[in-house]
Amino acid sequence: MKILLSTPFDFSYPGGVNAHVDNLDRALQKLGHTTRILSPGTNGKSIDDDGHVCRIGHTIPVPANGSTSRITLSPFLKDSVQHFLEREQFDIVHLNEPLISTLHLTVLANSQATNFGTFHASNSSHFGYNLLYRLGHPFFSWFSRRLDYRIAVSPIARKFINHYFPEDYQIIPNGIDSQKFGPHVLPDPAVLSNKPTVLFVGRYDEPRKGFRYLLAAMSRVQREMPDARLLVVGPGDRQGLDRQIRRLGLHNVQVIGEVSNEALPGLYAACDVFCAPSTGRESFGIILLEAMALGKPVIASDIDGYRSVTRDGQEGLLVEPRNPDVLSSAILRVLREPELARKLGLAGRERARACSWPLIAQRVVECYESVLRPVDDEQPALVTS
């Protein structure tokens with residue numbers, strides 16, 4: 001099949017949806033399919049096509065979900081989109097967040113292919129989508145009906161989009177690169193230590209990530225386990241973080257900062273427990289899957305987006321958000337009980353294996369085939385919810 005994978009966000013910038021598109025793109029190619037990627041971000045040109053990634057539409061920064069998304073709102077994309085679609089003649093047009101940005105709406109209005117949509121957002125993770133879908137419902141309904149098949153990455157994402165556009169949504173989760181994240185990964189020697197190590201990955205000064213609650217929890221952890229160490233991976237305000245560390249009297253805190261995707265697996269491998277104390281607004285926990293793939297026990301907030309990835313008492317411990325006391329108790333429990341940590345880690349590894357990109361891509365292809373298959377040949381779909 002010839003497949004177009006599209007993202008509403010500038011593909012030059014990292015992000016969850018873009019990572020999803022990038023990984024699915026490579027996995028589909030390995031299965032023998034021809035793929036292209038469509039994204040905004042032309043830097044003033046009408047179209048910028050390198051032969052694989054085609055960019056149409058100038059982007060503007062839009063605050064979203066505690067961060068900044070770069071999308072196009074240009075109403076003048078029709079000619080470029082039509083030319084691109086007519087030239088390429090795709091079998092499948094697969095849009096991620098299909099109702100976001102004028103690029104995707106223009107594609108839906110002009111596509112003659114079979115149109116798929118994957119929905120990533122949830123009610124708690126993208127407040128702006130609520131207003132957009134509510135006020136623009138009659139407008140967006142026409143475009144939604146142009147989709148031949150709909151996928152949601154999690155139960156909470158399905159619940160959210162189904163509230164505004166009731167349809168049948170197949171759940172296919174985000175995938176994980178099992179070659180990059182797995183038990184074969186060696187710890188980064190630069191951070192490897194025999195001290196009990198807790199790892200945090202994320203933008204630590206973004207309130208919804210809940211990092212301040214982890215810092216408060218580590219204060220108690222270090223009182224009871226003085227050699228416990230915290231590794232902090234991700235961007236943020238370093239001066240503000242240093243002030244918090246001094247105020248809480250913490251020690252053994254190593255702030256690594258932002259790292260490349262290639263360096264990240266070795267940092268997961270160097271920890272004893274991975275902690276994700278987010279307060280909400282997460283539609284999926286890809287960082288939980290990454291840690292689980294390396295066999296690391298996970299402690300995460302008991303929120304919808306994480307609950308669909310890690311099950312309490314099976315792959316990790318889910319704790320009440322914004323509660324440093326219960327968070328510290330969970331951390332101490334896992335660090336003090338090696339057998340529990342081993343059991344959680346092994347279960348997590350098995351669960352993550354089921355989300356490897358080759359398996360996820362195969363499920364997506366089965367969805368493609370279920371729609372493209374002639375009516376006479378139709379059989380029950382192989383993908384389950």
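This is a predicted model: local features need pLDDT of at least 70, side-chain atom pairs count only at pLDDT 80 or more; totals for chains, interfaces and linings use all residues.
T197 is buried, with a relative accessible area of 0%. T197 lies in strand 11, which covers residues 197-201. Setting aside residues up to four places away in sequence, T197 touches R229, L231, A270, C271, D272 and V273.

L5 is found in strand 1, residues 2-6. At 0% relative accessibility, L5 counts as buried. Beyond its neighbours within four places in sequence, L5 is in contact with V21, L24, D25, L28, R36, I37, L38, H94 and Y368. What is the distance in space between L5 and A228? From C-alpha to C-alpha it is 44 Å, and the two residues are 223 apart in sequence.

I turn to the aromatic residues. A search of the whole structure finds 16 aromatic pairs. A pair of aromatic rings is described by the distance of the centres and the angle of the planes. Let me take Y133 as the example. The ring centres of Y133 and F140 are 6.0 Å apart and the planes meet at 80°, so this pair is edge-to-face. Both Y133 and F140 are buried. The rings of Y133 and Y164 have centres 5.7 Å apart and planes at 55°, so that pair is tilted. Where do the two partners lie? Y133 belongs to helix 4, residues 127-135, and Y164 to helix 6, residues 155-164, so the pair ties together parts that are 31 residues apart in sequence. Y133 and Y164 are both buried. Ring pairs also join these residues into a cluster, whose members are Y133, F139, F140, W142, F143, F160, Y164 and F165.

Two further rings have a charged residue over the face. K2 lies over the face of F90, at 5.5 Å from the ring centre. R70 lies over the face of Y13, and here the distance from the ring centre is 3.9 Å.

The next topic is empty space. Rolling a probe the size of a water molecule over the atoms shows where such space is left. The second largest pocket has a volume of about 360 Å³. Which residues are the closest to its centre? Of the 16 residues that line the second largest pocket, they are P173, S308, R351, C355 and R363. Helix 14, residues 357-372, gives the most to this lining, with 3 residues.

I come now to the backbone. Most residues other than glycine have a negative phi, and most peptide bonds are trans. Phi of Q89 is near 55°, a positive value in a residue other than glycine. Q89 has its place in the loop between helix 2 (78-88) and strand 7 (92-96). Is Q89 buried or exposed? With a relative accessible area of 57%, Q89 is exposed. N252 likewise has a positive phi, of about 55°, although it is not a glycine. The loop that holds N252 runs between helix 8 (238-248) and strand 13 (253-257). N252 is partly exposed, at a relative accessible area of 25%.

P183 lies in the loop between strand 10 (170-171) and strand 11. Its relative accessible area is 48%, and P183 is therefore partly exposed. P183 and A269 are 86 residues apart in sequence, while their C-alpha atoms are 8.2 Å apart in space. Not counting residues up to four places away in sequence, P183 touches A293, L294 and R349.

The other loop residue is T279, in the loop between strand 14 (273-276) and helix 10 (286-293). Why does T279 count as buried? Its relative accessible area is 16%, and buried means under 20%. Leaving aside neighbours within four places in sequence, T279 is in contact with P207, R208, G210, Y213, I303, P321 and R322.

Key
Residues are numbered from 1 along each chain as its sequence is written. Side-chain values use heavy atoms; hydrogens and water are left out. Rings of Phe, Tyr and Trp (its six-membered ring) pair if their centres lie within 6.5 Å; planes under 30 degrees apart count as stacked, over 60 as edge-to-face and the rest as tilted. Buried means under 20% relative accessible area, exposed over 50%, partly exposed in between (1.4 Å probe, protein chains only). Helices (H or I, at least four residues) and strands (E, at least two) are DSSP runs, numbered from the N terminus. A charge sits over a ring if NZ of Lys or CZ of Arg is within 6 Å of the ring centre and within 35 degrees of the ring normal. On a 1 Å grid over the protein atoms alone, a cavity is a set of points where a 1.4 Å probe fits but cannot get out, and a pocket is an open set with protein on both sides within 12 Å along at least five of seven lines; lining residues have an atom within 4 Å of a point. Grid points are joined across faces, edges and corners, and a volume is the space filled by probe spheres set on the points. Contact means heavy atoms within 4.5 Å.
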